[in-house]
Amino acid sequence: MEAGKTQFVLINLLKAIAAQLIVLHHLAFYGPMADHARPLAPALFDWLAGDARIAVQIFLVIGGFLAAKSLAPDGSARLNNPLGSMWRRYAKLAPPFIAATLLAAVASSIASMWMTHESISAAPSLSQLAAHAMLLHSVLGYESLSAGAWYVAIDFQLYAGSVLLLWLCSRVSGGLQRPWLAPAVVMVAVVSSLLYFNRDADWDVWAPYFFGSYGLGMLAWWAGDPSRKPRAVVLLFLMMAVPALAALMLDFRSRIAVALSVACVLMLLGRVKVGSTAGWALANWLGKNSYSIFLVHFPVCLVVNAAVTRFVPVDAAWQTVGTAVAWAASLAGGAVFFQRVEAPLGRMTGAAGRSRAIRTFDGVSPKDIVAR
């Protein structure tokens, strides 16, 4: 890390925790190692296989928080090129996801040589791979090649939907300063999600099902602005809290309670930055690598599961060791994937985007072009 560089420490810490819980959830849920290890700590493995999945709400709220920071930092929508914003998000998410999807297909092939298990996917068809590349696999009804693949598609849907909402706000504003329009529109979208879409599982492949959590993150960014007057902060907090509390009273969902809690914490502390210190080094490292860990942990765990099933005795202690090895290998695999795949692809797509921007804004200094 560069000397003197500061980071959002709370966001990195939350991302680090959420990523670990998702890895452990999938280890416990998909087995078979965890099935054999479970007698040593049945309550822990049951919790990991069940409620630990709610950690995805942390990613959803953080996603909305950072989307608001990027797209409308002061709450005023000024989007003139929505397709460009969507493309930049796709270019950030999709290339490493496609690489990880191919890795998952290879991992399934290797694992099938050592065990037979429902977590192993059949050889993918070209149409299935194409659907994954377009982030439409869930919408088109294709089986996901990796656990958590649904989230990448939903993240893109949520970001694209936020872009469209903010672009419409900018069009309605007509160039005038209307700092409350975007938060009000986002609040309406949050209400519709929490009171209707999120209560119907048929919507769980579409962004409206998850926008309640994502929109809470957006409102948390605007409510946490230290430059706002106290009355404005209170109003934004109420715009965030009242719909969520009403939704919980109508139909209590632990995932929404977690999302509201995370949004409140981000409102208070989400903008805090500190430099690189030994105390935060691990959280910052895990936070930086969290997307790569999220992408590659399933194929890594699948291969370790298969190897342990084939070569290690069916003993609870040995299977627990195998589970720990899979967890550690997921972290190591994520770090390697970040260094060798995600970061280089990010530099490539970033350079291509800057080059396109310079050509598009011919005659404008590159310093005047703000890229996400």
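**Entry 1: a helix pair.** I looked up α8 and α9 first. Their axes come within 8 Å and cross at roughly 145°. I noted the crossing as left-handed. This is a predicted model, so I read every value as computed.

I then listed who makes the contact. From α8, I found Ala182, Pro183, Val186, Met187, Ala189, Val190, Ser193 and Leu194. From α9, the list includes Pro208, Tyr209, Phe210, Phe211, Leu219 and Trp222. I sorted the residues of this contact by type: 15 are nonpolar, three are polar and none is charged.

**Entry 2: the loop residue.** Which loop holds Asn198? I found Asn198 between α8 (181-195) and α9 (207-223). Is Asn198 buried or exposed? Its relative accessible area is 4%, and buried means under 20%, so I count Asn198 as buried.

Next I checked the neighbours. Leaving out residues up to four places away in sequence, Asn198 touches Ser193, Tyr209, Arg253, Arg255 and Ile256. A polar atom of the Asn198 side chain lies 2.7 Å from the backbone oxygen of Tyr209.

**Entry 3: α10.** I traced α10 over residues 230-250, which makes 21 residues. From first C-alpha to last, α10 reaches 30 Å, close to the 30 Å expected at 1.5 Å a residue. I marked its buried residues, among them Val233, Leu236, Met239, Met240 and Leu248. What covers them includes α8, α9 and α11 (254-269).

Note on methods. Residues are numbered from 1 along each chain as its sequence is written. This is a predicted model: local features need pLDDT of at least 70, side-chain atom pairs count only at pLDDT 80 or more; totals for chains, interfaces and linings use all residues. Side-chain values use heavy atoms; hydrogens and water are left out. Helices (H or I, at least four residues) and strands (E, at least two) are DSSP runs, numbered from the N terminus. Buried means under 20% relative accessible area, exposed over 50%, partly exposed in between (1.4 Å probe, protein chains only). A polar contact is a pair of N or O atoms within 3.5 Å; within protein, one must be able to donate a hydrogen and the other to accept it, and residues adjacent in sequence count only if both atoms are side-chain atoms. Contact means heavy atoms within 4.5 Å. The expected span of a helix is 1.5 Å times one less than its number of residues. Axes are lines fitted to C-alpha atoms, for helices over the stretch in contact, and angles run from 0 to 180 degrees between N-to-C directions. A crossing is left-handed if the near helix is turned anticlockwise from the far one by less than a right angle, and right-handed if clockwise. Ala, Val, Leu, Ile, Met, Phe, Trp, Tyr, Cys and Pro count as nonpolar, Asp, Glu, Lys and Arg as charged, and the others, Gly among them, as polar.
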